[in-house]
Amino acid sequence: MILKNILINFLFLLSPVIKQQTIVSKMAVNRAVAISSQDFDNQIHNASGLDLVRQRIHMANSALTMIKVLHIGDSHIKSGFFSEAIMQKLNDYYGQKYNGRLFFNFQTVCKIGTKYTDYDQLNELNAQLKNDLPDLVIISLGTNDAFSESSETDFYQKVDHLISKIKSVSPNSQILITTPPDGLKFDKRRGIYTALPEVEHVTNVLIKYADDHNIAYWDLHQVMGGTNSMSSWYQKKLAMPDHVHFNAKGYGILAQSFFEAFITSMDKPN
């Protein structure tokens with residue numbers, strides 16, 4: 001699926017069929033949809049941590065440029081509705097902005113049920129990093145840490161182990177962390193879905209780690225509305241009955257929000 005989209009995007013970039021103002025118009029429409037579904041504080045924090053990526057993007061002013069992205073995560077990116085949508089939006093936008101000279105190549109490593117410690121021990125990740133040497137590594141983990149006991153002990157150190165591994169294997173890769181979305185747990189005794197405090201705990205630890213090490217992060221948990229916001233997303237038919245995952249439309253809105261936050265940071269002058 002990723003390879004298919006890469007080929008489609010490459011062919012698209014070779015043919016100037018859409019003007020830049022058309023892209024901007026579509027962004028405005030999609031932005032209105034996202035705002036109606038609780039879009040808060042939508043920005044890339046510690047954006048200076050992506051300065052090398054920004055510099056490579058601006059190289060497209062004069063030369064053909066490819067930005068290699070490795071997106072690692074759990075079931076939230078397994079479906080393809082999130083990561084692939086981001087790649088498509090970036091290639092549509094920057095393809096027009098730089099007249100076909102800039103292209104984003106996304107690869108994903110995603111395992112259902114994975115936590116930060118799982119990726120720290122995953123040989124497949126080592127191989128991907130060594131072979132691809134990505135310009136940007138996006139980490140979308142934390143949900144399974146929150147829904148298990150993994151986040152209750154030394155979670156900061158678990159995050160550090162994975163980040164340190166990435167920096168060791170691919171030292172020129174820049175890193176962007178996304179916090180986990182809100183998720184609700186079913187209370188069998190009361191028969192209702194309730195907030196899981198560990199989701200907020202995981203989010204806070206990830207933000208602290210990112211701030212301590214000047215690593216860029218996108219606070220997905222806050223963007224969707226914070227604690228208990230999953231209830232609203234489900235009521236608006238944007239989330240699945242498990243109150244943890246989203247449907248295609250929901251992931252599409254999150255992809256749009258990430259895309260807008262990313263280009264806002266990257267389009268700033270050096």
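Colleague: Let's start with N214. Is N214 exposed, partly exposed or buried?
Modeller: N214 has 40% relative accessibility. N214 therefore counts as partly exposed, since that class runs between 20% and 50%. Keep in mind that this is a predicted model.

Colleague: Where is N214 placed?
Modeller: N214 is in the loop between helix 10 and strand 8, which covers 216–218.

Colleague: And what is phi of N214 near?
Modeller: Phi of N214 is near 50°. That is a positive value in a residue other than glycine.

Colleague: How far apart are S48 and N214, in sequence and in space?
Modeller: In sequence, S48 and N214 are 166 residues apart. In space, their C-alpha atoms are 7.7 Å apart.

Colleague: Where does S48 lie?
Modeller: S48 lies in the loop between strand 1 (44–45) and helix 3 (51–58). S48 has a relative accessible area of 39%, so S48 is partly exposed.

Colleague: Back up to the whole chain. How many helices and strands are there?
Modeller: The protein chain has 13 helices and eight strands.

Colleague: What share of the residues is buried?
Modeller: Of the 270 residues in the protein chain, 53% are buried.

Colleague: What about contacts along the sequence? Which share joins residues at least 24 apart?
Modeller: Take the contacts between residues at least 6 apart in sequence. Of those, 79% join residues at least 24 apart.

Colleague: Now helix packing. At what angle do helix 9 and helix 10 cross?
Modeller: Roughly 50°, and their axes come within 10 Å. Helix 9 is residues 155–169 and helix 10 is residues 197–212.

Colleague: Helix 9 has another partner, helix 7. At what angle do helix 7 and helix 9 pack?
Modeller: About 35°, with the axes 9 Å apart. Helix 7 is residues 123–132. The crossing of helix 7 and helix 9 is right-handed.

Colleague: Which residues meet between helix 7 and helix 9?
Modeller: L125, N126, L129 and K130 in helix 7 meet L162, K165, I166 and V169 in helix 9. The residues of that contact divide into five nonpolar, one polar and two charged.

Colleague: Over to helix 3 and helix 13. At what angle do their axes cross?
Modeller: At roughly 80°, and the axes of helix 3 and helix 13 come within 10 Å. Angles of 65 to 115 degrees count as roughly perpendicular, so helix 3 is roughly perpendicular to helix 13.

Colleague: Which residues make that contact of helix 3 and helix 13?
Modeller: V53, R54, I57 and H58 of helix 3, with F262, S265 and M266 of helix 13. They divide into four nonpolar, two polar and one charged.

Colleague: Let's stay on S265. Is S265 buried or exposed?
Modeller: S265 is buried, because its relative accessible area is 6% and the cut-off is under 20%.

Colleague: What is S265 in contact with, leaving aside neighbours within four places in sequence?
Modeller: S265 is in contact with I44, A47 and R54.

Colleague: Last stop, K237. Where does K237 lie?
Modeller: K237 lies in the loop between helix 12 (229–235) and helix 13 (248–266). Phi of K237 is near 60°, a positive value in a residue other than glycine. With 65% relative accessibility, K237 counts as exposed.

Colleague: And L238, buried or exposed?
Modeller: L238 is also in the loop between helix 12 and helix 13. At 2% relative accessibility, L238 counts as buried. L238 and A248 are ten residues apart in sequence, and their C-alpha atoms are 7.7 Å apart in space.

Notes. Residues are numbered from 1 along each chain as its sequence is written. This is a predicted model: local features need pLDDT of at least 70, side-chain atom pairs count only at pLDDT 80 or more; totals for chains, interfaces and linings use all residues. Side-chain values use heavy atoms; hydrogens and water are left out. Axes are lines fitted to C-alpha atoms, for helices over the stretch in contact, and angles run from 0 to 180 degrees between N-to-C directions. Helices (H or I, at least four residues) and strands (E, at least two) are DSSP runs, numbered from the N terminus. A crossing is left-handed if the near helix is turned anticlockwise from the far one by less than a right angle, and right-handed if clockwise. Contact means heavy atoms within 4.5 Å. Ala, Val, Leu, Ile, Met, Phe, Trp, Tyr, Cys and Pro count as nonpolar, Asp, Glu, Lys and Arg as charged, and the others, Gly among them, as polar. Buried means under 20% relative accessible area, exposed over 50%, partly exposed in between (1.4 Å probe, protein chains only). Angles under 35 degrees count as roughly parallel, over 145 as roughly antiparallel, 65 to 115 as roughly perpendicular and the rest as oblique.
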